[in-house]
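Reader: I am new to this one. Please show me the structure, then take my questions.

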Amino acid sequence: MEKTGKVIKVIICGYYGQGNVGDEALLVSILSQLRELFSLQTVRRNPEEEIPYVSDHNRFYQTIVVSANPKKTQKDHPVDRAYSRWGIIRQVLSLGKNDVFIWGGGSLIQDVTGWKSPLYYLTLMKLAQLKGAKTIALAQGIGPIRNPIIKWLTRLVLANCNGISVRDNDSARILEKWKLKFITAADPVWALDSIIPSEELELQLPPPPRIAVNLRQHPLLTPQKLETLIQTLLQLQQVTKCNILLLPFQPSQDLSVCQRVAERIPNCQILHLENPRKLKGLFSRLDMLIGMRLHSLIMAASEGCKCFALSYDPKVTSLMKEVGIEGYRLENLPDDKETILEKILQVYQTEDKHLWQQKAYSFAQSTQQHKQLLLEVIPLPTTKETTIKTLSVLGLPLHVSDDYEGWLLKRLERGVSTHVVTMNAEMVMMARKNPQLAEAIKAADLVIPDGSGVVLYLRKKGIRQKKVAGIELAASLIQKIGAKGEDYPVCFYGAAPGVAEKAAQFWLQKVPSLNFICNHGYLSPSEMEVWCEQIRAVQPKLILVALGVPKQEIWIANHRHLVENAIWIGVGGSFDIWAGVKKRAPRFFQENHLEWLYRLYQEPHRWRRMLALPHFFWVALLRDN
């Protein structure tokens with residue numbers, strides 16, 4: 001079998017396979033960004049090397065990761081091949097001008113822990129540059145660098161990179177001093193999709209309130225300071241009546257410290273989760289984190305969990321400054337446990353969870369700049385994109401295409417938020433009197449013709465476009481997304497109490513792999529607040545809102561910030577039909593543009609709303625030239 005396109009190798013180099021869940025979270029985030037860019041689909045294996053390739057028409061991509069444990073990395077992550085730190089050298093030497101070498105996040109270039117590690121990473125990057133490959137330093141923490149030779153070599157290598165992004169202001173200041181071009185954006189883990197704890201994991205957790213503690217071995221965490229922290233935690237437990245959860249992020253460095261703490265503190269347990277997304281989701285169930293590791297603080301803060309930092313490294317101190325996290329540098333930790341306790345309690349009792357969520361949203365948005373950098377540097381395939389043509393119906397946008405579903409699924413793969421409006425004549429006329437509805441329609445990403453009046457209007461303009469029923473588009477998306485499994489949750493919100501749940505049961509009988517969250521459309525303000533938090537926590541991929549026009553379109557426009565990579569659609573009475581509460585018009589009425597008549601037969605009280613139809617025909621079909 002011959003290869004039909006150019007193989008583009010993408011080597012991702014970082015501190016992977018070391019059992020550090022923070023660095024594994026970085027790898028998950030970067031691979032997710034690459035998949036969104038490439039829209040990858042596995043097509044076949046190279047018969048000579050037995051390496052799976054991913055294709056988009058005439059080009060192939062091969063993702064390769066440098067790992068201390070290649071077999072585990074290949075098992076845990078969707079990569080084509082993983083190589084050991086020395087086994088990768090042959091792959092680097094085989095790179096060409098279309099290939100890519102990436103430093104994949106973390107603090108790879110610092111010599112505080114020794115000069116060998118930065119020299120290794122710098123050498124690999126330089127070899128890739130000498131081979132003509134495109135090189136990217138992505139989401140890096142640069143420094144501290146004390147050795148003048150390492151500093152000179154770092155500046156030399158970075159100057160020849162095709163793209164550089166750093167994750168903190170301290171790194172930015174170093175590159176500014178070196179007069180290098182770069183962007184500053186938040187650590188990619190801020191935007192990592194979390195998985196809400198399963199029922200099985202929930203049963204393993206102690207009852208609330210729960211305070212998590214993340215400690216690691218480090219020269220600054222002396223036996224005396226550890227004893228001070230243990231005494232502080234004992235008093236904290238007495239004051240708050242909390243249960244303490246010890247979270248080792250890298251067991252080889254954290255577990256022994258956790259065991260020493262657990263031996264001294266009652267109602268305390270150790271929990272180690274290897275899956276970064278599950279660990280991040282766990283923080284949504286915790287009240288506070290007292291943490292040393294950078295990514296423990298990022299994960300907790302991004303899930304709205306209150307944070308208190310114990311900084312052992314400049315990167316943690318930098319995070320504390322930029323995010324506003326209270327805490328201590330370990331070298332300045334007071335000997336008096338009462339002083340430490342008072343500061344921890346101040347955070348525990350006064351910090352606002354919603355404030356943390358607002359900060360997290362801002363930082364998650366910032367991470368998109370790393371993806372933009374990848375997009376600018378990596379040679380993407382030439383693909384046949386679904387074309388979307390924008391028209392106007394009485395001043396409102398309408399998008400015409402022969403494949404709305406394909407366009408939406410491509411947006412979902414790339415992690416792009418999409419608001420879909422299913423527009424009919426009644427909605428057009430309503431928007432002429434309702435400025436909020438008009439603005440919501442104009443701000444939507446896709447407006448499809450879901451009404452005979454709109455289709456006839458297009459025909460008058462010489463455009464033949466089929467009517468696309470919102471209920472049919474939503475049904476098809478539910479089936480496609482349901483096939484992806486529990487990592488693609490679906491949200492049903494709206495209709496009368498109990499209807500959304502019945503509609504979900506209807507779909508679960510058809511697609512058992514679906515994962516639903518549901519709620520009715522009659523929530524009190526306090527219930528709405530809780531519901532919004534649930535949506536934010538679960539991060540559904542498809543969110544269907546059945547509140548009726550114009551409420552559902554306006555609600556989506558005001559709340560789509562809760563999930564930045566979902567498809568949002570207002571679906572009117574679709575839940576009622578799926579739940580069996582109402583029946584959809586027979587096929588004859590659908591095919592002959594008479595669904596409005598069947599709805600009027602079912603609900604005679606709608607007659608006043610139906611007056612919008614002749615009004616639309618008069619304004620749009622007769623007066624509009």
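Predicted model: local features only at pLDDT ≥ 70, side-chain atom pairs only at ≥ 80, totals over all residues.

Author: Residues are numbered from 1 along each chain as its sequence is written, and side-chain values use heavy atoms, with hydrogens and water left out.

Reader: How many residues of helix H11 are buried?

Author: Helices (H or I, at least four residues) and strands (E, at least two) are DSSP runs, numbered from the N terminus. Buried means under 20% relative accessible area, exposed over 50%, and partly exposed in between (1.4 Å probe, protein chains only). H11 covers residues 294–302 and includes Leu297, Ile298 and Met299 among its buried residues. The count for this mostly covered helix is nine of nine.

Reader: Which residue with a positive phi follows H11?

Author: Its phi is near 80°. The residue is Gly304.

Reader: Is Ala139 buried or exposed?

Author: Ala139 is found in strand E7. Its phi is positive, about 50°, although it is not a glycine. Because its relative accessibility is 0%, Ala139 counts as buried.

Reader: What is the omega of the peptide bond from Gly143 to Pro144?

Author: Pro144 sits in the loop between strand E7 (134–142) and helix H5 (148–159). The bond from Gly143 is cis, with omega near 0°.

Reader: Where does Pro550 lie?

Author: The peptide bond from Val549 to Pro550 is cis, with omega near 5°. Pro550 lies in the loop between strand E22 (542–546) and helix H23 (551–559).

Reader: What is the bridge partner of Leu391 in E17?

Author: Two strands pair if DSSP finds at least two bridges between them. E16 (residues 389–393) and E17 (residues 396–400) pair in the antiparallel sense over five bridges. In E17, the partner of Leu391 is Leu398.

Reader: Which residue in the turn between E16 and E17 has a positive phi?

Author: The two strands form a hairpin with two residues between them.

Reader: How far apart in space are Asp402 and Gln465?

Author: Asp402 is in the loop between E17 and helix H16 (404–413). At 74% relative accessibility, Asp402 counts as exposed. Asp402 and Gln465 are 63 residues apart in sequence. C-alpha to C-alpha, their separation is 8.1 Å.

Reader: How many salt bridges does the structure hold?

Author: A salt bridge is a side-chain nitrogen of Lys or Arg within 4 Å of a carboxyl oxygen of Asp or Glu. One of them joins Lys72 and Asp76, at 2.9 Å, N to O. Another joins Asp170 and Arg173, at 2.3 Å. The total is 14.

Reader: Why are Asp170 and Arg173 separated by about one helical turn?

Author: Both belong to helix H6 (residues 169–177). They are about one turn apart because their spacing along H6 is three residues.

Reader: How many residues apart in sequence are the parts that Lys343 and Glu326 tie together?

Author: Lys343 forms a salt bridge with Glu326, the closest N and O atoms being 4.0 Å apart. Lys343 lies in helix H13 and Glu326 in strand E15, so the pair ties together parts whose separation in sequence is 17 residues.
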